[in-house]
Amino acid sequence: MSQLQNNAHAIKAGNSRYGPSTPVVIIGAGPVGLAAAAHLTEYNLPFVIVEAGAQAGHSVRDWGHVQLFSPWRYSLDKAAVRLLEPTGWQAPDPEAYPTGHALVERYLAPLAAHPAIAPHLRLNRRVAAITRVGRDKLSNAGREQSPFVLYIVAADGSEEVLHAGAVIDASGTYGTPNPLGAHGIPALGERAAAAQIFYGIPDALGTQRERYAGKRVLVAGSGHSAFNALLDLAALAEQAPGTRITWVVRRTAEGMAQAYGGGANDALPARGELGRRLQALVATGVVQLINAWRSDRVEQTAAGLVVYAGERSLAPVDEIIVTTGLRPNLAMLSELRLGLDPAVEAPVALAPLIDPNLHSCGTVRPHGVNELSHPEPNVFIVGMKSYGRAPTFLLLTGYEQVRSVTAALAGDWEAARRVELELPETGVCSGPVAAGGAVASGCCGAEEAPAALIALEPVAVTASCCEPTVQATCCEPEAKADCCGTTAVETITAGSTLTLVAGTGSSCGCR
Ligand SMILES: Cc1cc2nc3c(=O)[nH]c(=O)nc-3n(C[C@H](O)[C@H](O)[C@H](O)COP(=O)(O)OP(=O)(O)OC[C@H]3O[C@@H](n4cnc5c(N)ncnc54)[C@H](O)[C@@H]3O)c2cc1C
């Protein structure tokens with residue numbers, strides 16, 4: 001039996017499994033966990049949200065000073081909006097770009113306070129482990145009939161257990177950043193230097209200004225978080241003379257074009273703009289870029305922190321900012337039977353769609369319960385955590401995931417299997433509509449169409465890397481697109497929504 005059939009069977013057999021003593025438990029009251037709650041409300045299924053922080057949107061608050069690169073219209077879940085609108089909630093300007101703080105204040109906080117959600121939100125409680133009642137990972141007998149049991153540790157240290165009919169893990173990856181060490185483990189001396197190392201994007205122009213003003217700062221990493229940190233530091237350097245910025249990346253100089261992204265071609269212009277501005281700062285020497293650098297040791301000296309890569313070392317710095325990505329915390333799931341890709345740490349059916357080794361840009365076709373199922377029925381990892389170590393997750397993708405997963409939990413398999421194509425074209429190397437109506441969407445295996453490009457007839461969806469010019473921008477120079485396999489995709493059109501029946505699309509990528 002496939003994982004999906006397994007799930008369908010278990011969910012059908014167990015719809016009665018959800019009740020006050022065995023609700024659907026959502027882990028994490030971030031944007032995706034709260035969206036899951038909104039969808040479960042519409043299905044009238046009982047749920048509890050367990051949140052480690054003191055307030056909803058705990059992780060987003062941590063990077064609240066950062067402006068999203070997605071405008072509001074790509075940042076709201078539809079079921080959540082349907083819940084909020086009758087309360088007199090004012091929708092933000094769809095074209096404006098929120099900061100993390102605005103996302104919390106104008107959207108997540110009102111959603112968490114909604115009478116349909118607030119009574120079911122348990123704050124200051126961290127899920128530490130999940131298993132099945134009376135069964136460990138090895139036990140087969142009666143496994144699927146046995147409810148889940150979650151072991152929870154509260155902020156005051158007290159413990160409790162909670163039973164669940166299904167588990168939606170929307171706990172994100174924000175709490176588990178990758179280390180400075182380029183081998184995936186901490187560099188020698190990294191832990192000892194913790195007081196001078198920040199993981200993430202510090203508020204260098206606000207609350208943490210004093211920490212960085214006039215200092216020698218080293219930034220590690222080549223994603224959008226690094227870009228944000230570097231741009232803030234460059235703005236600080238204009239105001240605070242003596243601020244010196246060194247940027248280390250593993251990429252070679254030749255690989256930088258890809259790191260900077262699609263610039264003006266990025267369909268999320270705010271994201272493309274980040275790379276363009278940073279490139280200019282490197283060109284003018286405001287940011288000193290060191291390529292092909294693999295940090296493996298940090299030494300605390302009288303002159304400052306000295307970072308090594310083998311025998312090579314850099315000039316001493318006062319502070320290090322690590323923006324080398326995030327990874328999922330899988331420890332709490334270790335008693336469950338998960339199907340995760342060994343490299344990406346995303347569900348096996350999702351991983352090939354988002355593996356950064358294959359895909360250079362952030363577009364992924366929408367996906368739902370099919371791709372998110374595990375050998376263990378009724379457990380789903382959604383949101384940022386569903387992408388494992390891949391860095392390209394977008395909120396709209398998470399909202400589509402929980403729409404599909406909650407429909408499956410409610411037994412609404414028609415809605416669960418339908419994948420609604422309502423994502424923007426988010427790749428950094430978008431292609432045009434190809435001749436014949438095929439949707440040449442974002443590069444590297446993406447198959448979604450922006451609403452504006454919806455064809456009225458069933459279309460063959462081709463991967464965009466087929467165009468030589470597009471291929472050049474979306475694959476590494478030495479890699480070529482491994483695609484052009486065209487697969488007929490069953491489509492249904494309704495108004496401005498195009499529906500792709502999941503599982504029938506082709507995928508391709510760079511090699
Ligand atoms: C700086 C930054 C900028 C971003 N900008 C954009 C953007 O512009 N557009 C976009 O689409 N996406 C963006 N993203 C990516 C992504 O959409 C966000 O990270 C988003 O917050 C992910 O939502 P989530 O609900 O999956 O996880 P999170 O927002 O991380 O929420 C997870 C929640 O789970 C809680 N939690 C964690 N562990 C436990 C546990 N064991 N028990 C209980 N609770 C737990 C946390 O406290 C947290 O509240 C950005 C990400 C970052 C870091």
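**Ligand shell, parallel sheet and hairpins**

Gly 28, Gly 30, Leu 68, Gly 172 and Gly 383 come nearest to the ligand among the 35 residues around it (a residue is near a molecule if its C-beta atom, placed from the backbone, lies within 6 Å of it). The model is predicted; local features need pLDDT of at least 70, side-chain atom pairs count only at pLDDT 80 or more, and totals for chains, interfaces and linings use all residues. Residue numbers start from 1 along each chain as its sequence is written.

The shell around the ligand consists of 20 nonpolar, 13 polar and 2 charged residues; Ala, Val, Leu, Ile, Met, Phe, Trp, Tyr, Cys and Pro count as nonpolar, Asp, Glu, Lys and Arg as charged, and the others, Gly among them, as polar. At least two shell residues each are supplied by helix 2 (31–42), helix 3 (58–62), strand 4 (125–132) and helix 12 (395–409). Helices (H or I, at least four residues) and strands (E, at least two) are DSSP runs, numbered from the N terminus.

An open sheet is formed by 5 strands in the order 8-15-9-10-11, with parallel pairing (two strands pair if DSSP finds at least two bridges between them). Strand 8 (197–199) and strand 11 (287–290) are the edge strands, each pairing on one side only. Strand 10 (residues 244–248) runs parallel to strand 11 and is joined to strand 11 by 4 bridges; in this pair, Val 248 stands opposite Ile 290. Helix 7 packs on the sheet and touches strand 9 (216–220), strand 10, strand 11 and strand 15 (319–322). Contact requires C-beta atoms, placed from the backbone, within 7 Å.

Helix 7 (residues 224–239) also packs with helix 9 (residues 269–283), at an angle of about 55° and with the axes 10 Å apart. Axes are lines fitted to C-alpha atoms, for helices over the stretch in contact, and angles run from 0 to 180 degrees between N-to-C directions. Residues of this contact include Phe 227 and Leu 231 of helix 7 and Leu 274 and Leu 278 of helix 9. The contact divides into 7 nonpolar, 3 polar and 2 charged residues.

Strand 12 (residues 297–301) and strand 13 (residues 304–309) pair in the antiparallel sense over 5 bridges, and a hairpin joins them through 2 residues. Glu 299 lies opposite Val 306 of strand 13. Strand 13 also pairs with strand 14 (residues 312–313), antiparallel over 2 bridges, and Tyr 308 faces Ser 313 of strand 14. This second hairpin has 2 residues between its strands, and Gly 310 in the turn has a positive phi of about 65°.

How values were computed
Two residues are in contact if their C-beta atoms, placed from the backbone, lie within 7 Å.
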